Amino acid sequence: TPMGVIVPTTVFGEGCLPGQIEWIFPTPGSEVRETVNLQGIVNVPNLGFFKYEYAQPNLDNWLPIAAGNAPTSAEAPDFGVWNTSQLIPGDYLLRLVVYDNQNNAFPACIVPVRVLPPPD
């Protein structure tokens, strides 16, 4: 694979559980810019809370976007917005981490995205 090319590992992303813990948008390999409306599903038994974060590939420095504690579904998937306008254009990872009410983490749902520069 050429350097810098995003190749999704699955349609849903690494560690994602369709219908339970998944990103609806952006999907793996999406190109985004400026303000991104994040959408996902968090529908697990005994939900405690979830958080979503971003990082550059190959760095373990996850930066928070936001968090929540109410279940979401395909009918009501809105997480809020991610403002990418101050980020250096390039490849990033979005991570959705879900915990049950005993503070046990489910596998993180990670999707690769590409942040584009603002339009001219």
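The exercises below concern a predicted model.

**Exercise 1.** Determine in which order the three strands of the open sheet are arranged, and which strands stand at its edges.

*Solution.* Step 1: The order in the open sheet is S1-S3-S6, and the pairing is antiparallel. Step 2: Strand S1 (21-25) and strand S6 (78-83) each have a single partner strand, so one side of each has no neighbour in the sheet, and these two strands stand at the edges. Step 3: From one strand to the next, the twist averages 35 degrees.

**Exercise 2.** State how many bridges join S3 to S6, and identify the bridge partner of Val-36 in S6.

*Solution.* Step 1: Strand S3 (residues 35-42) is joined to S6 by five bridges, and the two run antiparallel. Step 2: Val-36 has Trp-82 as its bridge partner in S6.

**Exercise 3.** Locate Thr-84 and decide whether Thr-84 is buried or exposed.

*Solution.* Step 1: Thr-84 lies in the loop between S6 and strand S7 (90-100). Step 2: A residue counts as buried under 20% relative accessible area. Step 3: The relative accessible area of Thr-84 is 2%, and therefore Thr-84 is buried. Step 4: Leaving aside residues up to four places away in sequence, Thr-84 touches Arg-33, Glu-34, Val-36 and Val-115.

**Exercise 4.** Find the strand that holds Cys-109, and decide whether Cys-109 is buried or exposed.

*Solution.* Step 1: Cys-109 belongs to strand S8 (residues 109-115). Step 2: Cys-109 counts as buried because its relative accessibility is 0%. Step 3: Cys-109 and Ile-65 are 44 residues apart along the chain, and their C-alpha atoms are separated by 15 Å.

Conventions: Residues numbered from 1 in each chain as written. Predicted model: local features only at pLDDT ≥ 70, side-chain atom pairs only at ≥ 80, totals over all residues. Heavy atoms only, no water. Helix = DSSP H or I, 4+ residues; strand = E, 2+ residues; numbered from the N terminus. Buried < 20%, exposed > 50% of the residue type's maximum accessible area, 1.4 Å probe, protein only. Pairing = 2+ DSSP bridges. Axes fitted to C-alpha atoms, helices over the stretch in contact; angles between N-to-C directions. Contact = heavy atoms within 4.5 Å.
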